[in-house]
Amino acid sequence: MFYTSGTTVDSSLTTKVFQFFETKCAPIKNYDVEVYFSDLSDDGVKGWQEKDGDEFLIHIHDKIETTEELIKTIFHELVHCAQDIRGLKDNNEREDEAYHLEDVYYGEFV
């Protein structure tokens, strides 16, 4: 199941991004995914994700300035969810793949 919470920037856009991502990573349908919008200024990141059993919590900075950056950030964190599902642990590989796929998926999405 998919949820958005927090200071939601655009829950309908976030839902559309997630639904598109499901077409790329079908196993994510077996997990609960929550996208939580909040001020991440103190963390110095646009987003991050965490996994707890069959649940993922994705934190997204609520002050992202452009729609493109927002969409890419959501894709980036969703890729990390897929990597957790696949068991990919190497941080360099995770980031390389996430940055690559956020661009690929963004291009296909828009």
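The model is predicted, so to speak with care: local features need pLDDT of at least 70, side-chain atom pairs count only at pLDDT 80 or more, and totals for chains, interfaces and linings use all residues. Residues are numbered from 1 along each chain as its sequence is written, and side-chain values use heavy atoms, with hydrogens and water left out.

I begin with the overall fold. The protein has 3 helices and 4 strands; helices (H or I, at least four residues) and strands (E, at least two) are DSSP runs, numbered from the N terminus. Read from the N terminus, the order of elements is β-α-β-β-β-α-α. The radius of gyration is 13 Å, close to the 13 Å that the globule rule gives for 110 residues, so the protein is as compact as a globular protein of that length. That radius is taken over C-alpha atoms, and the rule is 2.2 Å times the number of residues to the power 0.38. The C-alpha trace spans about 30 × 30 × 25 Å along its principal axes.

Of the 110 residues, 43% are buried. Buried here means under 20% relative accessible area, exposed over 50%, and partly exposed in between (1.4 Å probe, protein chains only). As for contacts (heavy atoms within 4.5 Å), among those between residues at least 6 apart in sequence, 53% join residues at least 24 apart.

Let me turn to helix 1, residues 11-24. Leu13, Val17, Phe18 and Phe21 are among its buried residues. The cover over the buried residues of helix 1 includes strand 1, strand 2, helix 2 and helix 3. Ser11, in this helix, is partly exposed, with a relative accessible area of 33%.

Helix 2 comprises residues 67-86 and reaches 29 Å between its first and last C-alpha, close to the 28 Å expected. Because 14 of its 20 residues are buried, helix 2 is largely enclosed by the rest of the structure. Gly87 follows this helix with a positive phi, near 85 degrees. Between Ser11 and Gly87, the C-alpha distance is 29 Å, with 76 residues of sequence separation.

Which side chain of opposite charge is nearest to Glu77? Glu77, in helix 2, is buried, and the nearest such side chain is Arg94, 7.2 Å away. Lys and Arg count as positive and Asp and Glu as negative, while His and the chain ends are not counted. Beyond four places in sequence, its contacts are Gly47, Trp48, Gln49, Ile58 and Ile60.

Asp62 sits in the loop between strand 4 and helix 2, and counts as buried at 16% relative accessibility. Setting aside residues up to four places away, Asp62 touches Thr7, Val9, Phe37, Ser38 and Asp39.

Finally, Tyr106 belongs to helix 3, residues 91-109. Tyr106 is buried, at 17% relative accessibility. Not counting residues up to four places away, Tyr106 touches residues including Glu68, Ile71, Lys72 and Phe75. The C-alpha atoms of Tyr106 and Phe75 lie 7.7 Å apart, although 31 residues separate them along the chain.

Key. Expected span 1.5 Å × (residues − 1). Salt bridge = Lys/Arg side-chain N within 4 Å of Asp/Glu carboxyl O.
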